[in-house]
Each structure stands twice: as structure tokens, then as C-alpha cells.
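Student: Could you help me learn to read the features of a structure that is new to me?

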Amino acid sequence: MADALLALREIRKEFPGVVALDKVDFNLHAGEVHAVMGENGAGKSTLIKVITGVYPRDAGSMELDGKSLHPRSTLEAEAAGISTVYQEVNLVGTLSVAENILLGRQPRKFGIIRWDETRRLAEKALARLGLELDLSRQLDSCSMAIQQMVAIARALDINARVLILDEPTSSLDEQETAALFKVMRQLRDEGLAILFVTHFLDQVHEISDRITVLRNGALVGEYKTVELTRMQLIGKMLGREPEALQDKSTGSKWAAETRDEILRGEGIGRKGSVHPLDLSVRRGEVVGLGGLLGSGRTETARLLFGIDAPDSGRVQIDGQAKSLNHPRKAIANGLAFCSEDRKGEGIIPNLSLRENLILAMQASRGPVRLLPSAEQEQLCAHYIDALNIKTPNAATPICNLSGGNQQKVLLARWLAMQPRLIILDEPARGIDVGAKAEIEKLVRSLREKGMAVVFISSELEEVVHTCDRVAVMRDRRKVGELSGEEITEQRIMDLMAHHE
Amino acid sequence: MRRFIPVFATFAVLIALFATASGMYERFFTARVIANLFSDNAFLGITAIGMTFVILSGGIDLSVGAVLAFTMTFIASMITDHSWHPLVAIPTALIIGTVFGGTMGFLIQRYELPPFLVTLAGMFFARGMAFMVSSESISIEHDFYTALQDLKIVVGPKAKLKIGAVIFLAVLALAIFVAHWTPFGRNIYAIGGNESSARLMGLPVASTKMLIYALNGFCSALAGAVATLYMGSGNPAMGVGLELDAIAAVVIGGTLLTGGVGFVAGTLGGVLIFGTIQSALIFDGRLNSWWLRIAISVLLLIFILLQRQLSRFTKTSRT
Amino acid sequence: MNDPMAKPKEWFQGGSLVWPLLGLVALLAYDFLFVDGFFRLEVRDGHLYGTLVDILNQGSKTMLLALGMTLVIATGGVDLSVGSLMAISGALVAVLVTQTEMSLAMIVPIALAATALLGAFNGVLVSVAGIQPIVATLILMVGGRGIAMLITGGQIVTFEHAGMVYIGNGHFLGLPFTVTLVLVMLLVTSLLMRKTACGLFVEAVGDNETASRFSGVSTRSVKLAVYGFSGICAGLAGLIAASNIKAADSSRVGEMMELDAIFAVVVGGTALTGGRFNLLGSIIGALLIQTLTTTMITQGVPPAIAPVPKAIVIVAVCLLQSEKFRAEIGGRFGRRASA
């Protein structure tokens with residue numbers, strides 16, 4: 001094979017306490033669409049940021065067209081010919097389409113912007129993508145797909161040779177995605193090197209020529225797309241070779257059909273987020289939401305907890321129809337939700353462990369009836385002990401605790417409410433192995449006590465071991481459900497890959 | 001087209017107000033009243049134009065009234081007490097205003113301090129300095145100055161544009177040109193629309209932001225100079241609350257207070273609405289001046305809510 | 001404030017009270033050394049008089065405003081309308097006192113209810129309409145004085161009502177009544193914040209609004225409440241201001257007071273970005289600003305020039321709180337140390 005246009009060798013990037021990339025090689029050729037795949041924490045975004053100069057690399061080499069490259073900013077990377085289009089389009093929504101393409105590079109005469117020339121150039125840039133748009137239209141009023149296209153037009157206009165598309169399809173519908181792919185193919189055929197990141201498996205096989213898989217900051221391998229089945233791809237991403245998959249069920253399973261149904265969702269969905277799906281959870285049952293990152297698991301949880309309003313279907317609690325349009329209502333109905341985004345949606349960073357722990361309980365009591373301090377202390381003491389939270393004392397600001405201990409405090413926040421159903425979204429993400437085992441143990445003991453759990457995890461083993469029933473999701477759809485002895489790694493993977 | 005709606009609304013309100021006033025009061029619809037709208041509101045207008053750039057960039061400047069007062073007092077004191085020639089005093093004052101604005105811009109940009117806080121401090125500082133120059137009003141007596149004050153362009157029967165109005169219109173034309181035909185102007189819109197994007201697009205965000213506050217300092221100082229020509233004196237207590245009037249004129253002129261959207265021409269509309277209400281109240285004689293405040297704040301509320309709705313609407317109606 | 005249930009020793013580790021206190025002590029030390037008779041107190045008719053007492057008395061308005069402003073800023077907002085709200089409460093009281101037979105026990109609650117409602121109007125704009133706080137409160141900042149003028153008919157309404165005059169000029173337990181008023185409000189606010197869950201909610205919303213909402217906190221009500229409370233504080237300050245001059249002067253009263261209040265809060269250690277707040281710190285901040293003003297006046301600096309040093313203090317405090325500035329200064333010192 002010809003020499004790569006962009007070649008990375010043994011790239012290493014370390015953050016305090018984490019090795020984000022460890023000896024990663026990556027080759028991007030002119031005239032190919034190259035997908036970079038991996039689950040959370042695999043190192044995809046770090047890799048892109050190293051290439052675009054957002055992060056300096058700690059070790060390794062990077063060559064563009066045989067010349068060593070050390071970009072110190074996205075601007076330097078752009079000047080070298082590497083342009084990036086992000087999921088959250090980095091353009092100015094309040095300005096026109098034409099201006100967004102040429103901002104900072106407008107044609108001028110004596111320092112005066114020549115608008116007619118600007119429009120002509122913008123038209124030309126869009127025409128290269130086969131697009132004809134109203135150039136004076138405000139970008140904000142265009143669809144996300146058009147905004148992506150405009151971003152690509154701008155990127156190409158800076159003489160890009162490498163185009164990085166970071167999850168460009170996350171907020172596009174099928175037609176929009178198809179249009180984007182058409183443009184991508186055309187650009188590829190013109191000799192552009194395209195690096196493509198996505199969570200959608202279908203799309204990878206549809207558009208990419210080669211795939212590089214990363215896992216936990218290390219390179220798993222580089223493959224030709226046609227030679228890698230979807231099943232194999234998932235296996236590589238999750239670190240489970242299909243041959244080595246466990247085809248047996250582990251953990252004890254309830255046959256929970258006879259128990260009372262706590263929550264029942266019928267056809268709940270939200271446009272652009274989750275296709276309508278059914279889901280029911282019974283008392284004392286652990287229901288897993290399986291699937292890869294971006295498959296719609298978190299979005300489903302947000303619908304159930306009243307964070308986003310579903311625009312179809314209905315939710316029943318104990319057989320009664322409820323409209324849960326605010327987390328407060330969900331909580332009042334005995335639900336709890338431990339978000340995967342611990343920093344953004346979980347902890348109140350500068351408040352103490354104690355205040356973080358009692359927050360949900362206090363919120364449900366209202367502002368007046370302050371939880372007596374003795375009770376607060378008792379709760380803290382109880383959960384620090386029960387969940388083995390490592391902290392100097394309950395007055396320590398939560399931001400001073402380790403990730404695992406923060407997670408335990410958030411769990412305690414909800415357990416103190418004694419909810420009837422708790423949604424745990426990737427509760428074990430980013431925490432150490434010991435804490436992971438403890439959380440798994442905790443989930444089982446909650447089940448023993450009759451609590452219902454919705455358990456979201458990317459780790460097959462964890463799902464198989466913990467859940468009584470698993471709803472498997474792929475590309476924002478529920479694609480199947482397994483229960484009891486059916487729950488095996490093999491079966492879940494089959495569903496995720498849609499082999500049946 | 002949606003971004004033009006607020007400006008259309010501005011001029012619709014202006015025309016409606018003017019028509020109503022013309023219907024209610026005799027001799028309101030005359031060239032004289034219209035010309036006076038420009039002469040009487042020249043210094044507010046110049047301040048509002050500077051403020052337009054600041055607000056377009058997503059910032060705010062509360063120091064303009066105080067800078068105006070300082071400039072007035074400085075010019076008056078230099079000419080009357082220290083016998084400077086006006087052609088020395090005025091440019092010096094303009095330079096001081098520009099440097100002062102630039103310094104605030106530097107603090108805001110370099111240390112990421114909130115603009116409203118820095119310019120509040122700037123307001124305290126400039127107001128105090130104005131009183132330090134002179135604790136009371138100084139009238140300006142200088143032949144050259146009197147000659148300047150007497151300059152006027154006759155535009156109709158009994159209708160004259162004084163020098164202040166001419167400067168205002170010149171600044172307006174220049175500002176429209178800068179906002180729409182120079183990279184600096186477009187960068188202001190980009191920064192106000194999405195600062196982090198502007199940075200990623202490689203636009204000179206830091207220098208542009210500093211320049212905006214320097215430019216506004218210049219406009220405030222120029223407004224101060226025009227105000228001395230209008231009043232013939234320099235008063236350290238002038239311009240209290242002028243920053244609010246200027247901000248109101250900008251917002252009623254259709255500029256989004258969060259930045260990124262708006263037109264300098266709209267600000268002209270805002271200033272004229274302000275002036276029309278004021279003239280109508282004077283013509284009426286029965287209504288008191290506080291109605292101006294109330295009317296302005298109601299218009300402010302309406303325009304803020306209108307823009308809020310429009311920006312929500314824009315984002316939900318993508319096609 | 002750190003976790004209010006932390007041990008006293010840990011209260012000071014946050015250090016938020018230390019800096020404003022040090023500033024105040026330094027200023028007082030200067031006054032002690034260089035200003036003749038600054039600390040002189042005398043008793044006349046059983047009342048305490050002296051410069052220190054004056055500082056407490058004249059600083060009472062800023063202190064009251066700072067209490068409300070602290071909570072608003074703690075939620076990540078700001079309230080620019082307090083000066084105008086002072087004018088409204090003063091106008092209402094003056095008109096009601098002179099033109100009706102109502103008792104003060106009726107009039108004061110009416111005035112405070114009015115400013116509370118207007119504060120809540122700010123709160124609605126911020127929390128329901130989603131308008132940024134500076135913009136939302138600007139509307140009443142512009143219009144509030146007009147409303148006050150409307151109430152007084154554009155006149156300066158003077159009054160001789162004994163009860164009203166007492167609020168700003170009377171003495172209680174040997175000290176100006178305003179001191180008691182501030183202490184009571186501080187006590188009530190502190191109890192409200194620390195003996196109920198209000199303080200927790202305010203800090204939680206300011207520190208991480210999303211996480212608070214996900215935990216079931218009604219973030220809208222919290223914001224509505226703090227702006228309403230700020231309105232009440234402004235109303236009280238307006239009563240004092242009117243009482244001081246025995247008149248409602250709608251165009252001048254409370255002018256620039258919003259700035260003093262914001263400065264007091266920032267100097268007092270509550271971050272403009274919201275989160276942890278410190279009521280006592282804001283009170284100290286207000287006293288610091290008043291002491292600065294009084295010191296300058298006793299030194300013969302005209303009151304009109306007093307804003308200049310204030311401006312310098314506030315910029316200095318903001319710079320010290322700016323991470324970038326610290327990094328630059330720290331970097332310079334660090335380099336010197338390593339060289």
C-alpha cells in the first residue's frame with residue numbers, strides 16, 4: 001500500500017492519573033474514508049485532539065505527507081491542511097451561510113469587504129459539494145445537516161487535505177445522513193483523506209473503507225471494512241473476540257413475570273433522540289439497557305425520568321398513566337436517576353459530601369422542613385460505612401473525592417430516598433475495579449430488597465452478570481429483549497450486530 | 001429574513017409614534033421638529049452607536065455616561081481655566097476617552113472579568129475624575145468655540161441641523177460602513193454570535209474585543225465634546241443614566257442584547273423613538289418626563305421578549 | 001461559607017471571610033493612626049455618637065441591599081434594579097403616609113410587598129423567560145424610577161410622620177435604629193438560609209443548576225424567590241433612605257446603590273459565578289465600602305470623588321479573583337523563585 005498521507009507512530013498522551021493514548025499507530029491515506037471506532041474512554045477524541053493540535057503529544061511522531069508535524073493549535077493544523085468539523089458545528093449561527101464560509105478570509109479591496117465576490121466564492125465552495133443554498137440565509141435557521149455541509153465547505157476552502165468529521169451524523173436523520181455520505185464519497189474520490197468518527201455501526205459499514213479500533217487508549221487494530229463483520233467489530237470494540245464469547249448465563253436470574261409492574265412505557269420516543277419503544281420494569285428486577293454508546297440508552301433513561309419530554313407514547317406507574325415532565329415528578333413517583341455525566345449532571349462540586357448526599361431527599365421534603373442535623377449526620381455515617389466511601393469526613397467538598405467515591409455519594413443520594421426504581425447510567429464508568437465490584441454487589445443487594453433497577457452499561461460481562469432482563473438497543477432503536485437464561489454475551493452481541 | 005424583523009419593528013414603532021404625535025399636536029409634523037430630533041439627541045446617538053458595537057460583541061459598557069461627563073468637564077476646564085485652544089483640548093479628550101475604554105477592554109479580555117463589573121468600576125472612576133477636574137459646571141468661553149456652536153446647515157423652513165447633528169450623522173454613516181464592510185466589523189458580529197467558534201475560526205478575538213471598548217470610549221468622549229457644543233458648558237454631573245438610555249436605544253433598535261444580531265441603522269431608529277417620545281411629552285406639556293422612562297422600559301421589555309421569542313423560534317423551526 | 005456544620009476550625013479554611021476582614025482592619029488601622037477622632041465615641045441623651053456609629057448608620061442601606069444581592073449572585077445572577085426599587089418603596093411610603101390615614105403597620109408591609117412583587121417580576125424574566133439576569137433587571141432599573149415618579153406625581157413628597165422619621169433617624173438601645181434593622185435582617189436571613197433548606201438550594205442551583213434540577217430541586221422557584229427577596233431588601237433600604245431625608249426623592253434616591261451592593265458582595269467573598277455564599281462577608285464588604293467613603297470624607301475628599309478609590313478597590317479585588325491574573329502573577333513569582 002502507498003505511503004499514508006497522515007501517519008502517526010506510537011503516539012502517547014497522558015493526563016494526570018490516566019494514560020489516554022498508549023503507543024497508538026494510525027494511518028490515513030488520501031482518497032479513503034477511515035473510521036475510528038471505540039467505546040467510551042477508548043481514546044478517539046484524544047487522538048483527534050492530538051492530530052488537530054488541541055493537545056500536544058507526550059511521545060511519538062506525526063507526519064503529514066512525509067513531513068513531521070507539531071501543530072500547537074487547531075489553526076496551525078488547519079494551515080497544514082488538517083480541518084475538523086465537529087458534531088456541535090463550530091460556526092457562527094447568527095451570520096449568513098456565505099459569511100460563515102469565508103469569515104476571516106473575505107475578499108477585500110483596500111480593506112473593504114467585497115460582498116459580491118464573497119458570495120461568488122461561497123457559491124463555488126458549496127457547488128463543490130453539489131449544494132445550492134440561499135447564501136444570505138441565517139445559518140441558525142438551517143437544518144443541522146446543512147450546517148454540517150457549510151462547515152465542511154468552510155473546511156475545504158482552507159485547502160484541506162485531511163478532513164476530520166467528529167460524529168457528524170449524531171443529530172441527522174436518515175436522509176440527511178445519506179446526503180452527507182454522498183458528499184463524503186465524492187470528496188473521497190477527489191482524493192481527500194477523511195477521518196470519520198461515529199457511534200452508528202450501520203454507517204461505518206456503509207461509508208468507510210478502513211476501520212481503526214481503539215480500546216482503553218490502546219490500538220486494537222486496523223482493518224479493511226469489507227473484511228470485518230459487524231460482529232467482529234463489536235467484539236474488537238468491547239474486547240471480546242466472538243469465538244471467546246460466553247454463551248452461558250451467569251448470575252442468578254429471577255423469573256419476574258409474576259411480580260408487580262412498577263413502570264411501563266408504551267411506545268415512548270422522541271424525535272431525533274429515540275425511536276418509540278416499549279419497556280416494562282417489575283419490582284425486584286434488574287433490567288439492562290444494552291448497546292453501544294450512542295445507541296439511545298441514555299436518551300431512553302432521560303425520557304423515563306422526565307428530563308426530556310417524550311413526544312410519543314405513554315408512561316404508566318403502577319398501572320396508572322403519568323405525565324413525568326420534570327425530574328421532580330419522577331422522583332415523587334419513586335424513581336431515581338444516576339446520570340452517566342457525573343460532573344455535569346451529578347455532583348454539586350463545591351458543596352460538601354453531606355449536602356450532596358441529602359440534596360434529593362431535601363428537595364422532596366421542600367425548603368422548609370430541613371432534615372434535622374442529627375439525621376443528616378446519621379445518613380452520612382450510614383452510607384459512608386455501607387458504601388465504603390473514602391473521605392476525611394462528611395464536610396469535605398465532594399470535588400475533593402475520587403471519581404469512584406463521588407459516584408458512591410451520588411448513589412447514596414438516591415438510595416437515601418428509598419426509591420422503588422433506580423436508573424443507573426454507566427455507574428461503573430471511570431472508576432477503579434474495586435469500586436466497580438462494589439457497585440455490582442450493591443445492585444444485586446438492592447434487587448434482593450425488592451427495588452427495581454434499570455441498568456445501563458456497555459460492558460457485556462457486567463450486563464450478563466447483573467441483569468434479569470435485557471433490552472438491547474442499536475442506532476437509537478430497541479432491537480430485542482432477552483430474559484433469564486437467554487441472557488448471554490453471545491445473544492446480546494447478536495442483537496447489537498443485528499445478525500438475526 | 002427573520003433577523004430583519006426587529007429592525008422593521010423598530011421603524012414601525014417609530015413611524016406609529018410619530019404619526020400619533022403629529023395627529024395629536026399641531027405643528028409636530030414639521031421639518032423643524034424632525035431636524036431638532038437629530039440636534040437634541042446627537043450626543044445620545046453617538047453614545048448609542050458606540051454601545052451598539054459593544055452589545056453586538058456580546059458585551060456591555062456602563063461607563064459611557066461618566067466618560068461623557070469627564071470629557072465635558074475636561075474640555076470646559078482646559079479651555080476656560082487653562083486657556084487651551086479647543087483644537088488641542090478636544091483631541092486630547094478624545095485620546096483620553098479612547099485609552100480609558102481600551103484599558104477596560106484589556107481588563108475584560110485579558111483577565112476574563114465580567115464586562116458589566118469592569119465598566120461599573122470604570123463608571124465610578126470616570127465620574128469621580130470628572131468631579132476632580134471640577135466640582136461644578138464650567139461654562140466655555142472661547143471665540144472659536146462659539147463659532148463652532150453657531151455652525152449649522154439649513155435643511156428647511158426654520159429647520160437647521162446644528163454641528164452636533166452633523167457629527168452624529170457622519171459617525172452613523174461611518175459606523176454602518178465599519179459594521180458591514182470591514183473585517184473588524186464582521187469579526188464583532190462573529191464574536192457576539194459565538195465567541196468560541198470565532199476563536200476556532202482563527203479570528204483575532206482578543207484584539208477585536210479590546211478595540212471595541214476603545215472605540216466605545218472614543219464615541220463616549222466624542223459625545224461629550226458634542227454635548228459641550230450643545231450646552232456651551234461642561235458639567236461633571238451630566239449623563240447620569242445616559243448608559244441606560246443608550247442601551248435602551250440599542251435594544252429598541254433591534255440589536256440582540258446577547259450579541260451577534262443587529263444593525264447600526266436600527267440604533268438610529270431607537271434614538272429617534274427616544275427623541276420622539278421626549279418631544280411629544282414637551283409638546284403636550286401636561287404629561288411629565290417620567291412617562292419617558294416608563295415608555296422606554298415598556299418598549300425595552302417588549303423588544304427583549306420579542307427577540308427571545310424570535311431566537312427560540314429560529315432554533316425550533318429549522319427546515 | 002463552608003459546610004455550615006463543619007467544625008469552626010474549618011470555617012476559616014475557605015478563607016472567604018479572612019480577606020474582607022483584613023481589608024477592614026487595615027483601613028481602620030489607617031484611620032486610627034491618621035484620622036483624628038475617628039474612634040471617638042460619645043454618649044448624648046443616652047445615644048451613642050461618633051464616626052464609627054455613622055459608618056454603621058450610613059452603611060445600613062448598602063448592607064441591606066447586599067443581603068439580597070448575595071443570594072441573587074449565589075444563584076449565578078445579578079440584580080441591577082435595587083436602586084430603582086428603593087425609589088419605589090420610598091415613594092409608596094411617602095404618598096401613603098401623607099395622603100392616607102393608614103398606620104405604619106399597614107404601610108410598610110404594602111411597600112415591601114410591592115418591591116417583593118417587582119423583584120419576583122425580575123425572577124420571572126430570568127427563570128421562566130430565560131433572559132440573562134443583567135438584561136432582565138435592566139428593565140426595572142430603567143423603568144423603576146419612572147414608576148416611583150408616577151406614584152409621587154413627579155414631586156418630592158416630604159413627610160413628618162413620627163414613625164417613618166424614626167426608621168432612619170431614631171435610636172434603639174443607644175444605637176441608630178438602622179443598626180438593629182440590619183442585625184435583625186441578617187439574623188432572619190441567616191436563619192432562613194441555614195435553619196431551613198433554602199441556603200442549600202440556593203448554593204446548589206448556583207453551583208450546578210442541571211444537577212440540582214435532576215435531584216428534584218425546583219430551580220425556577222429558587223430563582224424566583226431570591227429575586228423576590230432582593231426586592232424586599234431593596235424595599236427596606238428604600239424606607240431608610242426616605243426616612244433619612246424625610247422625603248421621597250424618586251430621581252436621586254438609591255442612585256448607584258446597586259453598584260455598592262454588588263461590590264460589597266464580591267469583596268465579601270461570594271463569587272460572581274454563583275455557588276457558595278457568605279452573608280457575613282457581604283456585610284463586612286458593605287462596611288468596608290462605607291468605611292472607605294467615610295474615611296475619605298473625614299480626610300476632606302469631596303464625596304463626589306469618593307467613587308475613584310472604590311473603583312480601584314473593586315478592580316483589584318476582581319483581578320485577585322481572576323484565575324488568569326493569579327496564574328500570571330504566580331508564574332512570574334514562580335519563575336523568580338526558580339531562577
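Predicted model: local features only at pLDDT ≥ 70, side-chain atom pairs only at ≥ 80, totals over all residues.

Student: In what order do the 6 strands of the open sheet in chain A lie?

Tutor: Strands of a sheet pair through backbone hydrogen bonds, either parallel or antiparallel. Here strands (DSSP runs of E, at least two residues, numbered from the N terminus, as are helices, which are runs of H or I of at least four) count as paired if DSSP finds at least two bridges between them. In chain A the order is 18-19-20-15-21-22, with mixed pairing. Strand 18 (335–338) and strand 22 (477–483) of chain A each have a single partner strand, so one side of each is left without a neighbour in the sheet.

Student: How do strand 19 and strand 20 of chain A run, and how many bridges join them?

Tutor: Strand 19 (residues 421–425) and strand 20 (residues 452–456) of chain A run parallel and are joined by 5 bridges; in one of these, A:Ile423 has A:Val454 as its bridge partner.

Student: How many residues does the contact take from chain B and from chain A?

Tutor: Two residues are in contact if their C-beta atoms, placed from the backbone, lie within 7 Å. The contact takes 23 residues from chain B and 20 residues from chain A, and helix 9 of chain B gives the most to the chain B side, with 5 residues.

Notes
Residues numbered from 1 in each chain as written. Chains lettered and ligands numbered in written order.
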